[in-house]
Amino acid sequence: MAELLKLTVAEAVAKIGAGEIAREEYSEAWREAAAGDELNAYLWRGEDGAGKGGGSLAGIPVAVKDLFCTEGVETTAGSRILEGHRPLYTATAVRRLAEAGAGVLGKTNMDEFAMGSSNENSAYGPVRNPWDPERVPGGSSGGSAAAVGGGLAPCAIGTDTGGSIRQPAALCGIVGLKPTYGAISRYGMIAFASSLDQCGPLTRDVTDAALLLGAMQGRDPCDSTSVGIEGGVRAPSQESLQGLRFAVPAELAHDAIEPGVRTVFDETLARIEALGGEIAEVPLPHAEHGISAYYVIAPAEASSNLARYDGVRYGKRSGGEGDLIEMYETTRSEGFGEEVKRRIMLGTYALSSGYYEAYYGQAQKVRTKIAADYAAAFAQFDFVVTPTSPSVAFRLGEKTDDPLAMYMNDFFTVPMSLAGIPAISIPAGLAEPEGGGPRLPVGFQIAAPAFAEQRLLEAAYALEQSLGFEARPGGDGGG
Amino acid sequence: MIEKEQVLHVAKLARLQLSDEEVEKMVGELSGILEHVDLISQLELDGVEPTSHVVALENVLRADEPRPSWPREAVLEQAPDPADGAFGVPSPQAE
């Protein structure tokens, strides 16, 4: 059984297809692995992980972030306000996986309504990092990342609004891909910030990420902002980076990055050069304002999206002894956690009369400038690269009292979200955390122009093959 | 940066009831966040078009085909207070 769990998704699909392993045996092995969850990665575990029918993911159990609606299966978005909520329909991304033959292994824990970078904002308790249970897995797709990194799922899907796939993937030593905005339908994905939210895969390797992306991408009549990826997605096979130009933001030299993370980043740049890639600096002067713009735009959209939780049509109702307004206020005050309230307050303030132009209007202009910086960079370069996160996984509770320090975890991932472009995080090595301790995974982020997912996957694959990152939690296997 | 009265006003707009302790905390935390966010107010961005959406899409159309909506019973099963085939709520006016 242990051998089955070592297979990548692509390998398992091939073996199941060839009849070398039985579909039920494979999914049963993963059900057992998931049942041993000591990381609080799962909120719900299913019985039909084997899926049905043929397809590119036939027989593959997938861990699904609890932000995706699943018909008849409790979907909470990590919030008390949706406790017991059983959606009437299944999200398009999950439906597409099922159509490709995959099954739902379970629903994974997450920061409430995807708001957080540590998974400590879940109403159902924090998720623990498989590399060190005293540390966070990152967030908001922390359960999905910990499940894959901790050997509790062969692959997972999550959502990324400002880094919520890439950052936890980096902190758990796995691959995380945020596709171009519009690549995958958002239908049935509980909304946080609608102009930024995007679904994507969290996997062991780049090939598996391509496999899941290929199954999920596409236009969906239920999401008019979905367009899909023209030509689809193929398994990457490129081995060289010859002739490809990689830009490093010039501002990176001054950014606050943990020394160990910077070392792995520099070593990875050297690796790119060894593979024939060119590295040069490019100014991205507005990227540093990404956090400011993001923490206006995302809370503003969230304050509007979360207005629907009022205790009337579904979800939890509290109060009701007084009038209607009293019921609304009691429901929302008891149903939402601290961070969600903070962001609703921030967003409502930024959109309120007299402040709209100064905050929301200005942030949207910064967004234009950030997108323009990337467009200028991509006129000369194929990719922009950065560390995924300024630090390795930090300790539980370390940043919970300082919201701004927590927001800074998203420093390198937010600009791509604002520009709507695809970015992937791949594990690039291990580094000692600041203050010492066992070495932890470091993610390397590669961003590409909109809808250039295939080129992005090819480059990430070439780099991955050369890096040969095989370290797993519990053993300091190099990297 | 942000005063207690503003926090209370915004909470009312957002239909949130905050305890005295929460209000106190919110004043400090929101002020800290807004101080950082305010860095962008110093940028010279006159004449820059705001971006509300990154993918250039206009007038996305679909076939106008009738399809059944959700069965009423299934929808009401999720409701906190299904009443007479509708969503029950407390009276809008306190008695």
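**Figure 1. Strand 2 and strand 4 of chain A pair side by side in this predicted model.** Strand 2 covers residues 61–65 of chain A. It runs parallel to strand 4 of chain A, and 2 bridges join the two. A:Val64 has A:Ile157, in strand 4 of chain A, as its bridge partner. Strand 4 of chain A also pairs with strand 6 of chain A, residues 198–203. This pairing is antiparallel and spans 6 bridges. Here A:Thr159 has A:Cys199 of strand 6 as its bridge partner.

**Figure 2. Strand 4 of chain A is buried.** The strand comprises residues 155–160. Of its 6 residues, 6 are buried, so the strand is largely enclosed by the rest of the structure. A:Cys155, A:Ile157 and A:Thr159 point one way. A:Ala156, A:Gly158 and A:Asp160 point the other way. Both sets are buried.

**Figure 3. An open sheet of 11 strands in chain A.** The strand order is 1-3-2-4-6-5-10-11-9-7-8, and the pairing is mixed. Strand 1 (42–45) and strand 8 (278–282) of chain A stand at the edges. Each has a single partner strand, so one side of each is left without a neighbour in the sheet. From one strand to the next, the twist averages 30°. A:Arg45 has A:Gly106, in strand 3 of chain A, as its bridge partner.

**Figure 4. Helix 5 and helix 8 of chain A against the strands.** Helix 5 of chain A, residues 142–149, packs on the sheet. It touches strand 1, strand 2, strand 3, strand 4, strand 5 (175–178) and strand 6 of chain A. The direction of helix 5 makes about 155° with that of strand 4 of chain A. Helix 8 of chain A, residues 259–274, lies across another set of strands. These are strand 7 (245–249), strand 8, strand 9 (383–387), strand 10 (423–431) and strand 11 (440–447) of chain A. Helix 8 runs at about 115° to strand 10 of chain A.

**Figure 5. Where domain 1 and domain 2 of chain A meet.** The domain assignment gives domain 1 as 2–244 + 385–467 and domain 2 as 288–363. Their C-alpha centres lie 26 Å apart. Domain 1 of chain A brings 28 residues to the contact, and domain 2 of chain A brings 22 residues. On the domain 1 side, helix 13 (403–407) and helix 14 (414–419) of chain A each supply at least two residues. Helix 14 of chain A gives the largest share of that side, 3 residues. By class, the domain 1 side has 16 nonpolar, 8 polar and 4 charged residues.

**Figure 6. The contact between chain A and chain B.** Chain A contributes 55 residues and chain B 44 residues. On the chain A side, helix 9 (290–305), helix 10 (324–335), helix 11 (338–351), helix 12 (356–380) and helix 13 each supply at least two residues. The largest share of the chain A side, 12 residues, comes from helix 12 of chain A. That side has 24 nonpolar, 20 polar and 11 charged residues.

**Figure 7. Chain B is spread out.** Chain B has 3 helices and 2 strands. From the N terminus on, its elements run α-α-α-β-β. The radius of gyration of chain B is 23 Å, well over the 12 Å that the globule rule gives for 95 residues, so chain B is more spread out than a compact globule. Its C-alpha trace spans about 50 × 50 × 20 Å along the principal axes. Of the 95 residues of chain B, 16% count as buried.

Definitions and conventions. Residues are numbered from 1 along each chain as its sequence is written. Chains are lettered from A and ligands numbered from 1 in the order in which they are written. This is a predicted model: local features need pLDDT of at least 70, side-chain atom pairs count only at pLDDT 80 or more; totals for chains, interfaces and linings use all residues. A residue is buried if 20 or more other C-beta atoms lie within 10 Å of its own, exposed if 12 or fewer, and partly exposed in between; C-beta atoms are placed from the backbone. Helices (H or I, at least four residues) and strands (E, at least two) are DSSP runs, numbered from the N terminus. Two strands pair if DSSP finds at least two bridges between them. Domain bounds come from an automatic or database domain assignment. Two residues are in contact if their C-beta atoms, placed from the backbone, lie within 7 Å. Ala, Val, Leu, Ile, Met, Phe, Trp, Tyr, Cys and Pro count as nonpolar, Asp, Glu, Lys and Arg as charged, and the others, Gly among them, as polar. Axes are lines fitted to C-alpha atoms, for helices over the stretch in contact, and angles run from 0 to 180 degrees between N-to-C directions. The radius of gyration is taken over C-alpha atoms; the globule rule is 2.2 Å times the number of residues to the power 0.38.
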